[in-house]
Amino acid sequence: MEETYTLTPIAHIRTQFADKFGIPRQSGLVEELRATIVFDPDFRSADALRGLEEYSHLWLIWQFSTVVAAGADGKNWRPTVRPPRLGGNTRMGVFATRSPFRPNALGLSCVKLVGVHPHTAEGPVIEVAGADLLDGTPIYDIKPYLPYVDAHPEAQSGFAGKVEAHALTVQDPDGLLAALDAQTRAGLLGVLQNDPRPGYQHNPGRVYGLRFAGYEVKFTVDGDEAAVVSVCKE
């Protein structure tokens with residue numbers, strides 16, 4: 001017998017990412033990033049957050065909303081995908097990856113809890129750090145991270161752990177980043193340092209565009225260095 005269950009978003013997250021490009025590949029990679037979880041009206045209860053402030057990290061269960069909006073609702077899913085980090089040419093089993101193109105388009109992120117604000121104009125909100133979500137992403141559930149059962153230092157990371165890290169040094173020769181406030185600048189630097197390009201793009205002459213916190217940031221990458229070309233308010 002086929003079993004179905006309808007999921008209802010309990011909240012939506014506000015982040016600095018207007019597009020997918022630039023979002024860290026995993027949560028926690030750029031802790032300088034800040035995001036706010038705003039609950040939908042039916043779930044705006046301060047009582048639901050009672051005790052949450054005692055934890056340091058949270059699990060977020062959410063939806064790859066752009067994938068669903070594009071019509072990839074799971075009916076046409078494929079058993080293999082091509083992870084960009086492997087160059088976009090190697091196929092791996094979808095369940096051996098964190099690809100957004102999955103049967104149910106659900107994501108899982110571990111974020112750091114910065115603060116719980118039970119009484120705001122929008123009801124209770126949660127401030128978190130290190131989120132890897134697009135602005136407006138629907139949140140289906142929030143659970144506390146429990147290190148005694150959730151942390152496994154001996155765990156193996158499969159092919160994902162064998163991929164070479166792409167840490168870049170960011171150059172800002174014209175001082176363009178000075179136009180940003182300290183928190184926004186720190187978040188953007190973290191994003192650029194983690195090399196937002198797909199693993200198969202290595203053209204030093206290419207100018208990349210990144211929409212971040214209401215700015216369009218353009219940059220180039222040559223070897224292990226990223227250079228900021230322009231920072232314009234949208």
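Me: Is Ser 99 buried or exposed?

Reply: Ser 99 is buried, because its relative accessible area is 13%. Buried means under 20%, exposed over 50%, and partly exposed in between, using a 1.4 Å probe and protein chains only. This is a predicted model: local features need pLDDT of at least 70, side-chain atom pairs count only at pLDDT 80 or more, and totals for chains, interfaces and linings use all residues. Residues are numbered from 1 along each chain as its sequence is written, and side-chain values use heavy atoms, leaving out hydrogens and water.

Me: Where is Ser 99 found?

Reply: Ser 99 sits in the loop between β5 (92-93) and β6 (106-117). Strands are DSSP runs of E, at least two residues, numbered from the N terminus.

Me: And which residues does Ser 99 touch?

Reply: Phe 64 and Val 81, not counting residues up to four places away in sequence. Contact means heavy atoms within 4.5 Å. Also, a polar atom of the Ser 99 side chain lies 3.1 Å from the backbone nitrogen of Phe 101.

Me: New topic. What does β6 pair with over five bridges?

Reply: Strand β7 (residues 125-129), in the antiparallel sense. Two strands pair if DSSP finds at least two bridges between them. Gly 115 stands opposite Glu 127 in β7.

Me: What closed barrel is there?

Reply: One of six strands, running β1-β2-β7-β6-β3-β8, with antiparallel pairing.

Me: How many disulfides?

Reply: Zero in the whole structure. A disulfide is a pair of cysteine sulfur atoms within 2.5 Å.

Me: Cys 110: buried or exposed?

Reply: Cys 110 counts as buried, because its relative accessibility is 18%. Cys 232 is partly exposed, at 43%.

Methods. Helices (H or I, at least four residues) and strands (E, at least two) are DSSP runs, numbered from the N terminus. A polar contact is a pair of N or O atoms within 3.5 Å; within protein, one must be able to donate a hydrogen and the other to accept it, and residues adjacent in sequence count only if both atoms are side-chain atoms.
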